[in-house]
Structures are given as structure tokens and as C-alpha cells.
Amino acid sequence: QVQLVESGGGLVQAGGSLRLSCAASGGTFSNYDMGWFRQAPGKEREFVSAIRWSGSNTYYADSVKGRFTISRDNAKNTVYLQMNSLKPEDTAVYYCAADVNYGGSVYVAAEYDFWGQGTQVTVSS
């Protein structure tokens, strides 16, 4: 099965930057839509960003638009989330997810088939 491993999380001051990486193995990465979700304590998992298999379309939650950038390198089987101008409200566990099926809504967690273990992002004020 597909395995996803996130890395790059950590502690950063407000206004700082982090780049998350998600390395995939066990499948055909270039065929998958990829997404990032996050979950803060006491809250439901929410959509952050997504990128289509071709990289031709990207999607962002309103809360991160203009600050975060998603990208992928299919040669490295890796998707990235560059996070700039971080805010304390960005603090959460960030999860990488893969949708192995064509199309579907990138905004809906249930559409994704495989998930990483999550990486903690903490933004201090």
C-alpha cells in the first residue's frame, strides 16, 4: 500500500516560515492528487491545500491563501507545503494525504485513500 511520511514540522515564531515535506512510496505517485490537512486540539480536521496529479491545479483554504504554497516533485515522489507568515492559529498537526482515484473533491478528507502520520507545527506568539 501507499505510505506517506511527513517531515519539516517544528516550532517557529509568528511571522516565520516552515516547509513541510511528504515523501510517498509504494504506489504511482504521479497519478495521485495530494492534499494537506491539519487538526488543532479540540477541532476537526480541516483542509489546508491540495494539488492535482499533474500539478496543473492548486487549491488553498481561505485562511492560508497568499501565505502557503503547495508544490510537488514527481521525480522525488514528494509533495511540499511552504508556509510563510505563520500565525499562532496555524498551530496544528499537519497531515499529508493521497487520493489514488481520478477527480473528486480535493476539499473533502473522505476522498483521500492514504494518510501520513502527521507532523506537529507550533507557532509561538
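Let's start at Y80. Leaving out residues up to four places away in sequence, Y80 touches R19, L20, S21, W36, T69, I70, S71 and D73. Contact here means heavy atoms within 4.5 Å.

A quick word on the model. It is predicted, so local features need pLDDT of at least 70 and side-chain atom pairs count only at pLDDT 80 or more, while totals for chains, interfaces and linings use all residues. Residues are numbered from 1 along each chain as its sequence is written, and side-chain values use heavy atoms, with hydrogens and water left out.

Back to Y80. Y80 lies in strand 8. Strands are DSSP runs of E, at least two residues, and helices are runs of H or I, at least four residues, numbered from the N terminus. Is Y80 buried or exposed? Y80 counts as buried, because its relative accessibility is 13%. The cut-offs: buried is under 20% relative accessible area, exposed is over 50%, and partly exposed is in between, using a 1.4 Å probe and protein chains only. The C-alpha atoms of Y80 and C22 are separated by 6.3 Å, although these residues are 58 apart along the chain.

Stay in strand 8, which covers residues 78-83. The T78 side chain reaches the backbone oxygen of K76 at 2.8 Å. That is a polar contact: a pair of N or O atoms within 3.5 Å; within protein, one must be able to donate a hydrogen and the other to accept it, and residues adjacent in sequence count only if both atoms are side-chain atoms. Setting aside neighbours within four places in sequence, T78 is in contact with S21, C22, A23, F29, S71, R72 and D73.

C22 brings us to the disulfide. How many disulfides does the structure hold? It holds 1. The bond joins C22 to C96, S to S 2.0 Å; the cut-off is a pair of cysteine sulfur atoms within 2.5 Å. C22 lies in strand 3 (residues 18-25) and C96 in strand 9, so the pair ties together parts that are 74 residues apart in sequence. The torsion about the S-S bond is about -80°, so the disulfide is left-handed. C22 is buried, at 0% relative accessible area. C96 also counts as buried, at 0%.

Next, strand 4, residues 33-39. Why call it largely enclosed by the rest of the structure? Because 6 of its 7 residues are buried. Strand 4 pairs with strand 9 (residues 92-99) in the antiparallel sense, over 7 bridges. Pairing takes at least two DSSP bridges between two strands. G35 has A97 in strand 9 as its bridge partner. Strand 4 also pairs with strand 5 (residues 46-51), antiparallel, over 5 bridges. There, W36 is bridged to S49. Strands 4 and 5 form a hairpin with 6 residues between them, and G42 in the turn has a positive phi of about 80°.

Last, the core. A nonpolar core is a set of buried Ala, Val, Leu, Ile, Met, Phe, Trp, Tyr and Cys residues joined through side-chain atoms within 4.5 Å. The largest one has 36 residues, and M34, W36, V79, L81, M83 and Y94 touch the most other members. Strand 9 gives the largest share, 5 residues.
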